[in-house]
Amino acid sequence: MNANTAAPATEAMLPPPALPRPWTRTRVAGYVIVGLWLALFIGLAIYLYNAWRIDLFETYGPRYWSGLKTTLTLVAISSLLGALVSIPVAMAGLSKNRFWRAISHGYVYFFRGTPLLAQTFLIYYGLGSFRPQLQELGLWFFFRDAWNCAVLAFTLNTAAYQAEILRGAIKSVSVGQWEGAAALGLSKRITFWKIILPQALIVALRPYGNELILLLKGSAIVAIITIYDLMGETRRAYARTFDFQTYLWAAVIYFVIVELIRNLWDLIERRLTRHLAR
């Protein structure tokens with residue numbers, strides 16, 4: 001009896017935890033960095049306000065809008081097509097067949113291991129050197145268009161990243177889910193589409209959002225192959241005005257779009273995982 005009552009008494013006599021230090025070096029450094037970022041944004045806002053030229057806005061505003069629509073269209077189409085391509089690639093990566101696993105790993109290794117710019121050049125300029133052969137196959141109508149080549153390059157690139165995201169998310173689902181479904185007599189196909197995949201997509205949601213943002217920022221390279229996206233219109237505006245604020249406005253537009261995507265993804269994640277909140 002005495003031994004049982006002694007333990008709680010001893011625990012009650014332990015000293016209270018030390019109070020957190022209000023101003024540590026890390027905290028001070030954090031405030032300094034945040035202050036520098038705020039000063040940078042305030043300085044940028046002041047500069048854009050003072051350098052504002054209504055004539056530039058009237059002349060190049062519609063072109064920026066046209067380039068923005070081109071950028072968003074390219075990213076949307078490539079992301080959707082990449083998602084479709086990533087499913088068989090991820091399934092091949094999870095296959096027990098060594099041949100299909102090798103094909104999947106080789107595809108992912110190449111498109112993740114080489115720059116997107118190099119892949120775009122290989123498709124647009126590289127395949128363009130095989131014009132006679134493509135004409136014989138009836139494919140030249142596709143590869144002679146810079147837009148088609150950009151969509152193909154971006155689709156193949158994002159499909160490799162999305163395949164790895166999906167493959168990792170599927171593997172993160174507990175094996176017990178498969179075993180429980182098998183115990184209920186469910187087929188593997190129904191188990192995958194109804195049980196495994198929905199859980200995997202929740203895990204993959206955040207990486208999918210990061211990949212979408214990276215694809216958006218990487219889309220600026222298509223200006224090099226004569227596509228007038230947002231960056232292409234920015235380059236054309238700067239070439240005619242030599243005003244550096246044209247690039248600053250492009251950076252602001254990209255920043256706003258990224259923030260919109262990030263907040264939209266946070267909202268979607270909160271909605272889909274509300275049943276997991278405690």
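Tutor: Let's start where helix α9 ends: the helix is followed by Gly-185, whose phi is positive, near 85°. This is a predicted model, in which local features need pLDDT of at least 70 and side-chain atom pairs count only at pLDDT 80 or more, while totals for chains, interfaces and linings use all residues. Residues are numbered from 1 along each chain as its sequence is written, and side-chain values use heavy atoms, with hydrogens and water left out.

Student: Why is Asn-148 called buried?

Tutor: Buried means under 20% relative accessible area, exposed means over 50%, and partly exposed is in between (1.4 Å probe, protein chains only). Asn-148 has 18% relative accessibility, so it counts as buried. This residue lies in helix α8 (residues 146-172).

Student: What makes the pair of Asn-148 and Phe-142 a polar contact?

Tutor: A polar contact is a pair of N or O atoms within 3.5 Å; within protein, one must be able to donate a hydrogen and the other to accept it, and residues adjacent in sequence count only if both atoms are side-chain atoms. A polar atom of the Asn-148 side chain lies 3.2 Å from the backbone oxygen of Phe-142.

Student: How do you know that Arg-206 and Asp-266 form a salt bridge?

Tutor: A salt bridge needs a side-chain nitrogen of Lys or Arg within 4 Å of a carboxyl oxygen of Asp or Glu. For Arg-206 and Asp-266 the N to O distance is 2.7 Å, and their side chains meet in a salt bridge. The pair links distant parts of the chain, with Arg-206 in helix α10 and Asp-266 in helix α12, 60 residues apart.

Student: What else does Arg-206 form a salt bridge with?

Tutor: Glu-269, with the closest N and O atoms 2.2 Å apart. Arg-206, Glu-259, Arg-262, Asp-266 and Glu-269 are linked in a network of salt bridges.

Student: Why are Arg-262 and Glu-259 said to be about one helical turn apart?

Tutor: Because they are 3 residues apart in helix α12.

Key
Helices (H or I, at least four residues) and strands (E, at least two) are DSSP runs, numbered from the N terminus.
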